[in-house]
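User: I have a two-chain model open and would like to work through it step by step. Can we start once it is on screen?

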Amino acid sequence: MRINAIVFISTILTACVIDPLAENKSLPPQDNVALLYGARYINHNSSELTFDAQIVVLNTFYEGFNNDYLKYGDLEINGAGSYEIESFNCAEIAGPDKPSSMIFLVDQSNSYLTMDPYNSRSQAIHKFLRDITTPNKFLVGACARQGLLSMEPLELYSNDFDNDWEGNSNYMFGLSQRTGGMSAIWDGADLAMERLIENPDNTRKELVLLVHGEDNNSITSVDTLIAKAREYDISTHVIALGSDFKMDDFARLAQQTGGFSAACSTDKQMIKVFNELDRLLHQASYVYTLRIKWKPSSGLLSPGSSSLHTIKINDPFTDLVYNSVYLKIIIPF
Amino acid sequence: MKRGRVILTISIVLCSSFFSFGQRVNVGFTFQYHILKQVKVDAEVIEGAHSYSLYEVTDNRWKFFSAGQSIIIGTVVQLDYKRFYGVIEPSFDLNTYNYTVHYPLSPEKKERLNFQTLFLQVDLPLYVGFQFGATNLLRYSVFAGAVMVFPYMLENSFQSQAFESVQQDYFNSSDMDNILFNGKKYGNALVGFCLHFASLGKVDIRYQHRLGSPGERYKVAFQSLGFGLTYYLPLNLRNKKIYYED
């Protein structure tokens, strides 16, 4: 505990001293948040499944780096069966060695009105876009059907990945006045992937989705998206805001395309994710890696069967319980 | 700093020259009240200086009272030479601005935010006038010059219509720093029309326009219109002639 306190105080002092000329801008209130950095099937037999889960934990008092002080017993895994954590470690995972071209897409459908009453989304995204630096490139857009967008299901701010953070931020800011219609996140993501595929730059392709509900209106299925993303090597990251929907498809899309997913139950958690998002996408990160053995409470495991697992973190230092991390594991054929 | 000293030196030299040529020196008090103001930001969206908020520029109009007020109390030294006169008015100025922006929340709802700035400042107007009409009692004049402004205290705040309890969390009261204000000295251009009452005093209407903008990113125009009342002390400091000669 004393070491934690020393680390905490040193962090704050370092943050104050390191860059006194840094732009002094504040975000709306943030909250601690955990996200799934990756998951991987290892092996199985008819009664046991072994998989790896990689988790990133972000604390509000850590600005610019991840939580790295959790212990084995601070994590609780829930699902239909019993769990055993076979191994647990926290280590730095190197960032990508190639710059990326990214499309950031928001679900602009009507239900967003109740999710973020203060439009803090636009502030958080503004911060995220300002953090991105060349040679990484970005483009923002929105998707909805029968709403107020000028093009449906996907409207992009521009045709180019031009890193115009001011124009893209202003676009995102004005989007709050065009909230409406039905969700079309899968169709929008499909078109965004097409745009990424067309992009001639020799960069990694990344798609970041900000969603707030299930999509029951799209023609494109999540399986189609996963197949396309895997074929063209498009990492898809999902930030889901709210708690009234199933995370299955979102978690699966992110996991199977090499992206991460965050299930933010409040806008404060979403803001924290955006605050650190550029770093998570483009730099090295401290990641908890768990090897988990699961014995289902009923039924036999076979290729093709899927299971959903949630991981909860009880932080002994802050006494806080984080948002759940969702993993969808499918046993390959 | 160096520039300020140069201006001060020139001012003293000019005042000295006026004394040597002046037909009459009047000393008195002035009270001014600027109630019609305009703050005009030449942008559609303002990015907050200390938050990641963006604000819609929707209200650049001239306004009575609601865009702010200036209450000025100072001293006057006026030197008359034929039709011309030169004035220096060291004054204390309680200068307020109130600028309204909008923050969109949904297609139907926008949050209205008022950024308020209060300056306590020392004003140093220097201007010359030309008198063009006279009776035994009244003279008319127009005048023009500049006002050096030295803010020495600055406060800012903002009010939100809807989010009274959370406004400090979602917006920053200093978001207009270096956009609508900063603590640096600045200059105003000054023109006005004046009605003189013999050697008793004068009433004027004056227009001021800030030279330059507080920050570099956004071009912001500050204009105000107000009136001034000046009372001359009954002192004959240098009484050659009371009125000008044609």
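Analyst: This is a predicted model. Chain B has two helices and twelve strands.

User: What share of the contacts in chain B with a separation of 6 or more comes from residues 24 or more positions apart?

Analyst: Take the contacts in chain B with a separation of 6 or more. Then pick out those between residues 24 or more positions apart. Their share is 69%.

User: Which element gives the largest share of the side of chain A that touches chain B?

Analyst: On this side, 25 residues of chain A are in contact with 15 residues of chain B. Two elements of chain A give two or more residues: helix H2 (120–131) and helix H3 (165–175). The largest share is five residues, and it comes from H2(A).

User: How do the residues on that side of chain A divide into nonpolar, polar and charged?

Analyst: Sort the residues of chain A that touch chain B by type. They divide into eight nonpolar, 14 polar and three charged.

User: Are H2(A) and H3(A) roughly parallel or roughly antiparallel?

Analyst: Their axes come within 9 Å and cross at roughly 165 degrees. Angles over 145 degrees count as roughly antiparallel. So H2(A) and H3(A) are roughly antiparallel.

User: Which residues of H3(A) does H2(A) meet?

Analyst: H2(A) brings Ser122(A), Ile125(A), His126(A), Leu129(A) and Arg130(A) to the contact. The residues of this contact divide into five nonpolar, four polar and one charged. On the H3(A) side are Trp165(A), Asn168(A), Ser169(A), Met172(A) and Phe173(A).

User: Which strands are at the edges of the open sheet in chain A?

Analyst: The sheet has three strands in the order S3-S12-S13, with antiparallel pairing. An edge strand pairs on one side only. The edge strands of chain A are S3 (75–78) and S13 (325–330).

User: Which residue of S13(A) stands opposite Ser307(A)?

Analyst: Strand S12 (residues 306–313) of chain A pairs with S13(A) in the antiparallel sense over six bridges. Opposite Ser307(A) stands Ile329(A).

User: Which helix packs on this sheet?

Analyst: The helix touches S12 and S13 of chain A. Its direction makes about 70 degrees with that of S13(A). The helix is H6 (residues 248–256) of chain A.

Conventions. Residues are numbered from 1 along each chain as its sequence is written. Chains are lettered from A and ligands numbered from 1 in the order in which they are written. This is a predicted model: local features need pLDDT of at least 70, side-chain atom pairs count only at pLDDT 80 or more; totals for chains, interfaces and linings use all residues. Two residues are in contact if their C-beta atoms, placed from the backbone, lie within 7 Å. Helices (H or I, at least four residues) and strands (E, at least two) are DSSP runs, numbered from the N terminus. Ala, Val, Leu, Ile, Met, Phe, Trp, Tyr, Cys and Pro count as nonpolar, Asp, Glu, Lys and Arg as charged, and the others, Gly among them, as polar. Two strands pair if DSSP finds at least two bridges between them. Axes are lines fitted to C-alpha atoms, for helices over the stretch in contact, and angles run from 0 to 180 degrees between N-to-C directions. Angles under 35 degrees count as roughly parallel, over 145 as roughly antiparallel, 65 to 115 as roughly perpendicular and the rest as oblique.
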